Amino acid sequence: MRIKSIVTESQQIQRAIALIKLGARLQVLESETDLSYERLLRLYKEVQGESPARGMLPFSTDWFMTWQPNIHSSLFLNMYEYLDKTSELEEIDAIIKAYELYLEQIRAQGLEPLLSVTRAWRLVKFVDAGMVTLTPCCKCGGKFVTHTFELTKNYICGLCEPPARAGKGKAQIQASAPATIQ
Amino acid sequence: MSTIAASNEQLLQEIREVNLAYLMLAQHMIRADKAQALYRLGVSEEVASIIDQLTPAQLMKIAGSNQLILRFRFDDDMVWNLLTSHSRTKSSATGAAVAGLHANIVMSGQLVDVAA
């Protein structure tokens, strides 16, 4: 696709660089910029120093519902919704900024980020498509990621009432998860 | 009598310093990245624009008051309990961290409600 304006093109390259630095997959870049696949590939190699990962993107909403990923996803989505409501940002810029805030917060708590930027982007697309939404917990009032058409009248979040085995074997999960969630 | 006046003077001095530090930090954050600053500060876009425009002389003038210009952005037991987290955590480091995340989620959810 040809981009007419050089200014627009430079903005898109900046955006692509920001996404690559956060670890985004090539499919995200293809979807969010008008840059050609060849240029994105070159840009990716230049920024990361290696070829992008191959294969399909994660496509299931179920990952976002499991206990620990749900906490991370909910934190990110709350941040994203705030930025989206208060600022006139393009969606992808709001995702980048919210993801940066998420990483900051997770590291401040001494945790490993479970949510990759690709998954974060996917989550926002799932919200746009009406497949998942934020539901307030009736105990703490915090909003958590749930399927859209679940019965949510007396929804209690996984933090107010953690499932029986929540956090068991967390050491293994945390050690292996960051490498596998690209 | 003079010691009371002196300690009072010191109190005012400290309030001015906190005010000034806050305003300068806020201005710096807003100029660096306005959208993220709105989230961090929890202020409206109008207020952020005003702070952005302030001159150093205006900053000094606003800071020199006997009142603090910032206040707590949450006032419910829920968030306080989560932040101090004595209640549920099982003395593990990750438990405390998860309670911290819980507080973040509740707080940012409230922010969205205020902003909406």
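Which domains does the domain assignment give for chain A? Domain 1 covers 6–48 and domain 2 covers 62–177; such bounds come from an automatic or database domain assignment.

Before selecting anything, note that this is a predicted model, in which local features need pLDDT of at least 70 and side-chain atom pairs count only at pLDDT 80 or more, while totals for chains, interfaces and linings use all residues. Residues are numbered from 1 along each chain as its sequence is written, and chains are lettered from A, with ligands numbered from 1, in the order in which they are written.

**Stop 1: chain A as a whole**

Select chain A and colour it by secondary structure. It has 7 helices and 2 strands; helices (H or I, at least four residues) and strands (E, at least two) are DSSP runs, numbered from the N terminus. Reading from the N terminus, the order of elements is α-α-α-α-α-α-β-β-α. Of the 182 residues in chain A, 36% are buried. A residue is buried if 20 or more other C-beta atoms lie within 10 Å of its own, exposed if 12 or fewer, and partly exposed in between, with C-beta atoms placed from the backbone. Among contacts between residues at least 6 apart in sequence, 54% join residues at least 24 apart; two residues are in contact if their C-beta atoms, placed from the backbone, lie within 7 Å.

**Stop 2: the two domains of chain A**

Select 6–48 and 62–177 of chain A in two colours. The C-alpha centres of domain 1 and domain 2 lie 25 Å apart. Where they touch, 9 residues of domain 1 are in contact with 7 residues of domain 2. On the domain 1 side, helix H1 (6–21) and helix H2 (26–32) of chain A each supply at least two residues. H1(A) gives the most to that side, with 3 residues. The residues of the domain 1 side divide into 5 nonpolar, 1 polar and 3 charged. In this classing, Ala, Val, Leu, Ile, Met, Phe, Trp, Tyr, Cys and Pro count as nonpolar, Asp, Glu, Lys and Arg as charged, and the others, Gly among them, as polar.

**Stop 3: H4(A) against H5(A)**

The axes of H4(A) and H5(A) come within 9 Å and cross at roughly 135°. Axes are lines fitted to C-alpha atoms, for helices over the stretch in contact, and angles run from 0 to 180 degrees between N-to-C directions. The angle therefore makes H4(A) oblique to H5(A) (under 35 degrees is roughly parallel, over 145 roughly antiparallel, 65 to 115 roughly perpendicular and the rest oblique). Show side chains here: residues of H4(A) including Leu75(A), Phe76(A) and Met79(A) meet residues of H5(A), among them Ala98(A), Leu101(A) and Tyr102(A). By class, this contact has 11 nonpolar, 1 polar and 2 charged residues.

**Stop 4: chain A against chain B**

Now show chain B: 25 residues of chain A are in contact with 22 residues of chain B. Helix H4 (67–86) and helix H5 (91–108) of chain A each supply at least two residues of the chain A side. H4(A) gives the most, with 10 residues.

**Stop 5: H4(A) against H2(B)**

Select residues 34–41 of chain B, helix H2, whose axis comes within 10 Å of that of H4(A) and crosses it at roughly 115°. Met79(A), Tyr82(A), Leu83(A) and Thr86(A) meet Ala35(B), Leu38(B) and Tyr39(B). The buried residues of H2(B) are Ala35(B), Ala37(B), Leu38(B) and Tyr39(B). Finish at Gly42(B), which follows H2(B) and has a positive phi, near 70°.
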